[in-house]
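Me: I would like to go through this protein model with you. Could you take my questions one topic at a time?
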Amino acid sequence: MTAEPRRRCTLLRPVGLLLVAAALMLTAYNIWDNGRAAASVQQVLAELNSAVPARQPTSGAPSPQEEPEQERRMPTALVDGNEYIGTLYFPTLELTLPVMSGWDEGKLKISPCRYLGTVWDHLVIAGHNYRSHFGPIRDLESGDPVTFTDVEGTVYAYTVAETEVLQPTAIGEMVEAGWDLTLFTCTTGGQARFAVRCTAGQ
């Protein structure tokens, strides 16, 4: 090996070590962040479960005619300074998650959040793809049941109708599709959005 290639190898070796170290640090951070997300969900669920009364499931989202306009704001419960509208339950995934009333990047790190709508009008819920948040919804299939329980204990039953992958710019298609319930998260790598479309009733 001549002096020039040897010098090049000597220079590239530290760069390679730095890249390996950065990859290990990123992996360690992702593991920590998933653990933190799981802990936040369990803490919120414990407080919500102690405050929410038990009721029987309804047949699905009530029609707007059944709810006076002035009462159609979804009820909320305050936990650690954040307002929550209820919990989602996925029987086939054995997963229960709290749902925050509003959303921003900081809130999404704590739990899934209401992105748009209500149980009376095209409810859209967003969540990070943490294993303890919306990561598992990619395993949902057509016909799977989903329930949403509001903070007053009313249970709304839904059924998965279909799943689809949308581009990040397809916001209108995401929120205006007319489904009773839409759940969405980022795909692995964050290049697109994975959406679960649900109809009211089981």
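Predicted model: local features only at pLDDT ≥ 70, side-chain atom pairs only at ≥ 80, totals over all residues.

Me: What does the secondary structure come to, and in what order do the elements run?
Reply: The protein has three helices and nine strands. Starting at the N terminus, the order is α-β-β-β-α-β-β-β-β-α-β-β.

Me: What share of the contacts with a separation of 6 or more is between residues 24 or more positions apart?
Reply: Such pairs make up 60% of those contacts.

Me: Take Phe148. What is it in contact with, leaving aside neighbours within four places in sequence?
Reply: The contacts of Phe148 are Met74, Ile85, Gly86, Thr87, Leu88, Val99, Val119, Thr154, Val155, Tyr156 and Tyr158.

Me: How far is Leu45 from Val99, C-alpha to C-alpha?
Reply: The two C-alpha atoms are separated by 9.6 Å, and the residues are 54 apart along the chain.

Me: Changing topic: how many disulfides are there?
Reply: The count is zero disulfides.

Me: Then how accessible are Cys113 and Cys186?
Reply: Cys113 is buried, at 0% relative accessible area. Cys186 has 35% relative accessibility, so Cys186 counts as partly exposed, the class between 20% and 50%.

Me: Which residues does Gly102 touch, leaving aside neighbours within four places? And where does it lie?
Reply: Gly102 is in contact with Lys107, Cys113 and Arg114. Gly102 lies in the loop between strand 3 and helix 2, and is partly exposed, with a relative accessible area of 22%. Its C-alpha is 7.6 Å from that of Glu83, a residue 19 places away in sequence.

Me: What about Ser111, buried or exposed?
Reply: Ser111 is buried, since its relative accessibility is 0% and the limit is under 20%. Ser111 is found in the loop between helix 2 (105-108) and strand 4 (113-118). Beyond residues up to four places away in sequence, Ser111 touches Tyr84, Pro98, Val99, Met100 and His133.

Me: Now pockets. What is the volume of the largest one, and what lines it?
Reply: The largest pocket has about 470 Å³ of space. Its lining has 23 residues, and Gly127, His128, Asn129, Thr185 and Cys186 lie nearest its centre. Helix 2 and strand 8 are the elements that give two or more residues to the lining, and strand 8 gives the most, with three residues.

Me: How does that lining divide by class?
Reply: The pocket lining has nine nonpolar, 10 polar and four charged residues.

Me: Finally, how many cavities of 30 Å³ or more are there?
Reply: There is one cavity of 30 Å³ or more, and the largest cavity has a volume of about 30 Å³. The largest cavity is lined by His122, Leu123, Val124, Met174, Val175, Ala177, Gly178, Trp179, Thr182 and Arg197. Strand 5 (121-126) and helix 3 (171-175) are the elements that give two or more residues to this lining, and strand 5 has the largest share, three residues.

Me: What classes are found in the cavity lining?
Reply: The lining of the largest cavity has six nonpolar, three polar and one charged residues.

How values were computed
Residues numbered from 1 in each chain as written. Heavy atoms only, no water. Disulfide = S-S within 2.5 Å. Buried < 20%, exposed > 50% of the residue type's maximum accessible area, 1.4 Å probe, protein only. 1 Å grid on protein atoms, 1.4 Å probe; cavity = no way out; pocket = protein on both sides within 12 Å on 5 of 7 lines; lining within 4 Å. Points joined across faces, edges and corners; volume = space filled by probe spheres on them. Nonpolar A, V, L, I, M, F, W, Y, C, P; charged D, E, K, R; others polar. Contact = heavy atoms within 4.5 Å.
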